[in-house]
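Colleague: I would like to learn how to read an interface between two chains. Could you take me through it step by step?

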There are 4 protein chains.
Amino acid sequence: MSIEKKKVRVGMIGYKFMGKAHSLAYRNLPFFFDTKFVPVMQAISGRNEAGVKKAAEKMGWDSYETDWRKLIQRDDIDVIDIVTPNSTHFEMAIAAAEAGKHIICEKPLSMNVNQAKRMYEAVQKNGVIHMICHNYRFAPAVQYAKKLIDQGRLGNIRHIRGTYLQDASMDPNLPITWRAKKEITGSGALGDIGSHSLDLARFLVGEFQEVVGVMETFIKQRPIQNEGLNVQVDATKMGEVTVDDATVILARFENGAIGTFEATKFAGGNLNGNRFEINGDKGSIRWDLENLNNLDVYFADDEPGLRGFRTINCTEEIHPYAGAYWPPAHIIGYEHTFINLLSDFMNGIADGISPKPNFEDGLRNQIVLESIEKSAMQKSWVNISEISNNSLVTNLK
Amino acid sequence: MSIEKKKVRVGMIGYKFMGKAHSLAYRNLPFFFDTKFVPVMQAISGRNEAGVKKAAEKMGWDSYETDWRKLIQRDDIDVIDIVTPNSTHFEMAIAAAEAGKHIICEKPLSMNVNQAKRMYEAVQKNGVIHMICHNYRFAPAVQYAKKLIDQGRLGNIRHIRGTYLQDASMDPNLPITWRAKKEITGSGALGDIGSHSLDLARFLVGEFQEVVGVMETFIKQRPIQNEGLNVQVDATKMGEVTVDDATVILARFENGAIGTFEATKFAGGNLNGNRFEINGDKGSIRWDLENLNNLDVYFADDEPGLRGFRTINCTEEIHPYAGAYWPPAHIIGYEHTFINLLSDFMNGIADGISPKPNFEDGLRNQIVLESIEKSAMQKSWVNISEISNNSLVTNLK
Amino acid sequence: MSIEKKKVRVGMIGYKFMGKAHSLAYRNLPFFFDTKFVPVMQAISGRNEAGVKKAAEKMGWDSYETDWRKLIQRDDIDVIDIVTPNSTHFEMAIAAAEAGKHIICEKPLSMNVNQAKRMYEAVQKNGVIHMICHNYRFAPAVQYAKKLIDQGRLGNIRHIRGTYLQDASMDPNLPITWRAKKEITGSGALGDIGSHSLDLARFLVGEFQEVVGVMETFIKQRPIQNEGLNVQVDATKMGEVTVDDATVILARFENGAIGTFEATKFAGGNLNGNRFEINGDKGSIRWDLENLNNLDVYFADDEPGLRGFRTINCTEEIHPYAGAYWPPAHIIGYEHTFINLLSDFMNGIADGISPKPNFEDGLRNQIVLESIEKSAMQKSWVNISEISNNSLVTNLK
Amino acid sequence: MSIEKKKVRVGMIGYKFMGKAHSLAYRNLPFFFDTKFVPVMQAISGRNEAGVKKAAEKMGWDSYETDWRKLIQRDDIDVIDIVTPNSTHFEMAIAAAEAGKHIICEKPLSMNVNQAKRMYEAVQKNGVIHMICHNYRFAPAVQYAKKLIDQGRLGNIRHIRGTYLQDASMDPNLPITWRAKKEITGSGALGDIGSHSLDLARFLVGEFQEVVGVMETFIKQRPIQNEGLNVQVDATKMGEVTVDDATVILARFENGAIGTFEATKFAGGNLNGNRFEINGDKGSIRWDLENLNNLDVYFADDEPGLRGFRTINCTEEIHPYAGAYWPPAHIIGYEHTFINLLSDFMNGIADGISPKPNFEDGLRNQIVLESIEKSAMQKSWVNISEISNNSLVTNLK
């Protein structure tokens with residue numbers, strides 16, 4: 001008779017795009033992975049009762065709340081999962097930590113370094129397990145890239161060029177949403193998608209040392225969205241776009257590598273171009289989210305005449321997380337990155353260790369983001385320490 | 001208050017690779033699709049009690065049986081899903097049809113045309129809904145290709161070249177499994193993977209008229225697998241491989257198109273290369289399962305100077321089934337083809353119509369397979385009608 | 001002081017597309033290669049005096065003739081290069097051989113096996129050096145592929161799939177040219193482009209054993225071309241197309257490999273798709289004329305986890321012929337295949353050896369072509385020996 | 001009777017890699033193009049008599065000099081072509097202009113803006129025709145890109161990301177050559193390859209406004225090369241590398257576009273990765289020198305569902321310069337970019353107009369280079385006007 005595994009009861013705040021992705025991951029985790037603890041989809045919360053009720057039914061949550069504070073106070077909840085807009089993360093995470101709940105939080109961690117620092121302090125002080133949802137680390141190809149780098153297969157890293165190219169904002173008639181308002185989202189392309197590239201760089205290359213960036217808003221005014229879905233462009237009702245449409249960055253890393261980064265929503269033809277190439281003095285790797293199962297790998301010491309990038313389909317047992325799924329080259333998709341992340345989270349709760357990326361990574365990412373914002377505003381290079389020291393984040397190694 | 005949807009109670013026979021794929025699809029269908037009826041994962045059956053019990057728990061089935069006949073007889077089962085080796089499909093499907101159960105059956109439908117014909121007659125006679133699991137039709141890119149062809153965007157079809165290239169059998173020390181024995185599986189590469197290419201050709205191009213093929217077994221003897229997993233090559237215990245390692249085919253279609261097909265497990269470097277290109281006199285399309293979200297499309301009447309294959313990422317609302325998932329270019333994977341297929345199946349049960357591909361398609365596919373086998377044995381061209389007429393399949397148009 | 005190299009005086013019959021390619025190659029050979037003998041562009045011949053005179057000036061030939069027989073008889077000519085339509089090769093090559101001239105001849109060698117046999121006998125009897133212009137063998141990537149195969153890096157060859165896909169004939173209003181008339185050209189897509197694929201197969205895989213093919217003419221009537229260039233479609237002046245628009249082929253090779261081939265001018269979007277993939281039990285290679293500098297290579301014994309096709313840019317010194325050109329990845333193009341071929345030809349004349357591919361290869365290729373034509377006419381498999389024995393080509397090893 | 005075309009007698013200074021490329025282009029220009037004037041390969045000069053004599057013979061030059069000043073003074077020379085190291089361009093170009101010779105000069109134009117300005121003034125004052133050899137502008141795909149942009153097909157340009165990635169300097173045992181010495185070459189990766197990317201940006205996007213860059217030397221000391229070719233690493237004989245191994249750049253353009261650029265010789269696996277992507281609000285283009293015949297094009301207003309990058313093989317008559325060569329998809333290579341450039345140069349001499357890119361472009365490029373160098377040294381943004389105004393380049397619009 002099999003011993004029942006410990007169940008971890010999850011309460012999720014929010015239920016839109018990210019809520020859907022997280023929900024599916026909780027739902028499918030036990031199907032694919034044999035984690036130490038297993039999640040139970042206990043409750044979600046949202047302000048609109050009709051909406052949250054319907055979402056709970058559709059996605060398979062047992063109950064719902066219309067007040068996130070109530071959700072956090074429930075005794076039958078072990079984990080709080082935060083998938084709401086960025087401006088809300090701070091208050092929720094602090095409350096959850098103080099209620100002793102483990103926390104998983106969407107990225108970027110918060111609105112600024114100060115918030116992020118206090119969130120990190122709260123989870124440490126309250127001894128809860130925490131993760132930040134930089135899910136792209138969890139593509140098997142990316143994990144495999146990390147393994148190759150850690151094994152020294154690429155040698156000393158010289159370059160990273162990371163781009164996150166989308167084209168969703170090119171239409172000037174597209175109305176303003178919360179993602180266009182700095183007070184809700186912090187930044188635009190930079191925080192929304194660029195933060196993923198920066199996290200992948202920290203994961204694979206190491207810590208940033210200094211940055212210089214340009215943040216650009218190509219379309220400075222957009223129609224204000226009416227309540228309903230039928231948006232009519234009305235020139236008399238235009239609103240200011242207060243975030244960046246695109247950000248480009250140069251960076252130096254502590255280990256001497258140099259990097260270029262670009263996050264934009266104006267790269268026509270690029271739907272979800274989260275890509276990077278890393279060059280070391282022994283080899284190189286390339287990855288593209290749009291073909292997320294593949295990793296291109298080059299070794300400088302391959303046999304002469306036979307050197308070239310090889311395309312690895314990272315769907316074999318040997319590739320991290322891939323064995324849990326299907327036979328080789330029966331590809332997995334976007335959603336599986338969340339399942340892989342959650343498998344680490346469940347094991348982390350069992351082991352009492354906060355897996356990477358956690359709130360420390362969230363804070364470090366926030367420091368890079370804020371350094372870039374400062375750099376763009378000042379039109380100058382900014383050393384990461386300017387932000388991290390000012391913020392008294394002294395316990396980061 | 002929402003009216004409860006009708007629940008369709010599924011019983012699945014078998015639980016290995018295909019069982020896992022079907023189980024996940026039942027599990028996730030309601031999460032993504034708003035089908036008219038919804039599936040309930042009622043029971044699975046398997047001969048090994050420990051194995052089937054564990055599988056049921058892991059994959060989320062409510063109960064299990066160790067005798068598939070019992071499963072079929074249960075009153076609380078509406079659908080029988082057959083995911084066992086090919087030699088067993090016939091008996092199970094006949095029994096299920098006679099018990100009035102709707103049926104979904106893995107491909108190829110059966111061991112030969114005679115069985116397939118009787119299976120098709122059984123589902124018709126008993127008025128049950130039936131499908132065959134040629135899941136690759138349900139990649140959004142493939143469905144979109146079908147739509148373009150039906151709209152005449154490719155004009156008259158001239159060519160199809162379909163390949164299904166794998167490399168899993170290249171190692172001569174690989175032991176014999178049921179997939180190497182003709183009496184259990186019918187054929188090797190031809191039935192296992194080639195049947196998918198042939199089904200896609202029927203779906204997209206039309207009916208076959210005549211075929212000529214070569215079936216080749218490169219490694220004619222392989223080690224016999226011991227009970228345990230530790231296979232040691234033992235030259236004194238070699239068994240005959242009685243199926244094809246590779247099959248190549250020429251074909252003429254009723255509409256005048258000509259085709260080449262190849263199914264092989266000896267194409268090193270090709271893990272799951274289910275690919276096709278179709279050329280019409282107005283345009284062309286290309287698809288590759290290893291990047292299943294993409295469709296390459298060429299139009300002969302594009303602006304001069306700007307003609308070339310364009311790569312469409314079929315993840316937008318406009319692409320069939322894709323709207324149920326994630327924002328554009330958040331790619332889906334292998335498993336989602338089954339979910340899409342099941343959404344049609346559930347709606348088909350609600351509407352009383354057997355969606356395509358159904359047992360008629362299974363029978364037609366079997367006729368093509370048997371024509372190829374006959375052609376390879378005789379070393380001659382075989383007209384499809386030789387097989388279909390001999391088999392008295394007279395009600396096929 | 002450098003010793004003057006022996007000059008080989010070339011006379012070329014014809015001066016259109018192939019004449020231009022050959023002319024450029026003679027012109028540039030000494031620039032890139034240090035061959036033992038060097039060519040002199042002595043004379044060309046053509047029936048239209050204005051045309052041939054202008055071509056000679058433009059392309060750098062020293063003189064011209066309007067009668068090819070005079071060209072062959074000139075004492076100041078060492079080599080006859082035949083770039084005229086296929087129906088003329090036989091008479092010209094026989095005359096050139098009898099006049100003791102070395103010969104380079106465009107492909108296919110002739111109209112049928114009987115002619116090819118007599119041409120081969122003539123060059124042997126007269127002791128002249130001979131080559132056939134299957135120039136695609138001379139892409140550095142293809143030569144490197146050959147080297148890898150000869151070194152056993154691919155192991156036993158199991159599969160070849162060769163396609164030559166073009167789309168130049170899709171427009172039904174395209175007028176009839178000599179390439180559409182069987183009496184001038186022998187066959188259509190098969191001889192014009194398919195013969196290249198078949199030659200590459202012989203070069204890389206080995207000799208054919210048996211074939212079965214389909215030859216299809218999709219557009220059976222086309223407008224007759226008026227004298228001038230302004231073609232008006234005139235339904236009252238339609239001519240019969242007497243050659244194939246497309247040919248598809250299955251083949252068995254003497255070494256047990258099996259192949260599929262397709263030559264078509266109806267594959268929309270494929271401008272010059274001369275491609276092949278070869279799978280052995282230790283590795284695979286892929287090549288595409290449209291990116292002719294690249295070779296994709298896969299090794300089955302690469303490190304686990306790191307297996308995948310690598311893309312080799314065959315422009316390094318280590319790659320055959322590539323060292324004569326530019327630094328790595330400064331790519332060469334179509335025309336350089338002819339220069340490489342001519343470098344072998346010049347050295348062959350110096351050494352008294354006919355380099356491969358020569359008239360023996362032309363004859364063997366013709367045997368395969370004729371076997372395919374017979375197979376398509378009879379709708380049956382044809383063993384290569386049926387044609388080669390009938391033709392009394394007994395001295396082929 | 002055809003009227004003899006005017007012959008333009010060329011004298012080239014230098015004969016190594018670039019000399020070979022230019023020589024071949026002169027040699028082949030009349031073969032492919034019907035230019036107004038035609039070049040004659042009159043003489044080359046080089047200091048080593050044996051070397052220059054051999055080069056002249058091999059490449060087809062009629063005579064040679066060992067003193068470039070003599071070459072410039074020769075009456076039978078109309079054009080001076082400068083293909084020597086960068087530090088020599090200034091003196092040669094000034095002398096040639098003063099001698100009334102037309103000039104074609106390799107890039108970058110000179111060592112600094114001051115030299116470039118004086119060179120530009122000299123050619124203007126002396127009324128000679130001048131070009132700078134940014135040959136990559138002359139790939140048909142790049143010219144076609146320019147045409148699409150000029151037609152407004154891409155709309156307002158938002159982004160350019162240009163990389164020139166090579167891996168030739170990764171080996172730390174590679175000895176020092178003139179390319180590693182600032183006093184001879186000006187800069188390293190930036191001037192050698194980055195200058196091409198920057199020129200393409202100016203050609204396709206427009207003028208730079210401000211830049212910020214990092215110039216990095218990863219390997220700061222390298223073995224000193226002995227006279228002979230057998231380099232032995234000798235730790236006691238190390239020399240300083242005084243130029244950049246890699247440079248990364250952010251840029252703003254006058255028209256509001258933003259750009260990222262990277263030039264490096266440490267990007268393993270990238271042999272000659274001169275690539276760019278440009279995004280406008282109506283469309284995008286991508287190009288890669290390693291497949292230089294192709295242009296990827298995306299139009300935002302393509303039919304919904306059918307949007308995606310299309311790959312155009314720019315080898316049709318409609319594509320600039322391509323009609324001079326071969327039938328569609330019979331690809332051309334690196335060397336043809338020089339032939340295309342020379343066809344403009346010959347026509348320019350006939351018409352009395354200096355075609356683009358000319359010394360003005362060389363000067364403007366130099367201003368960008370110097371701005372980047374200043375920016376890297378100062379670790380700050382630099383406005384292009386800081387350099388151009390300081391240099392009193394007042395006649396640039």
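Modeller: The size of an interface is often given as the accessible area lost when the parts come together. Here chain B and chain C bury about 3300 Å² between them, 58% of it on carbon and sulfur atoms, where buried area is the accessible area (1.4 Å probe) that two parts lose on being put together, summed over both. This is a predicted model, in which local features need pLDDT of at least 70 and side-chain atom pairs count only at pLDDT 80 or more, while totals for chains, interfaces and linings use all residues. Residues are numbered from 1 along each chain as its sequence is written, chains are lettered from A in the order in which they are written, and side-chain values use heavy atoms, with hydrogens and water left out.

Colleague: How many residues of chain B are in contact with chain C?

Modeller: Contact means heavy atoms within 4.5 Å, and 44 residues of chain B are in contact with 44 residues of chain C.

Colleague: How many salt bridges are counted between chain B and chain C?

Modeller: A salt bridge is a side-chain nitrogen of Lys or Arg within 4 Å of a carboxyl oxygen of Asp or Glu. The count between chain B and chain C is 6; K379(C) forms a salt bridge with E210(B), and their closest N and O atoms are 2.5 Å apart.

Colleague: What does the interface of chain D and chain A hold by that rule?

Modeller: Between chain D and chain A there are 6 salt bridges, and K379(A) forms one with E210(D), with the closest N and O atoms 2.5 Å apart.
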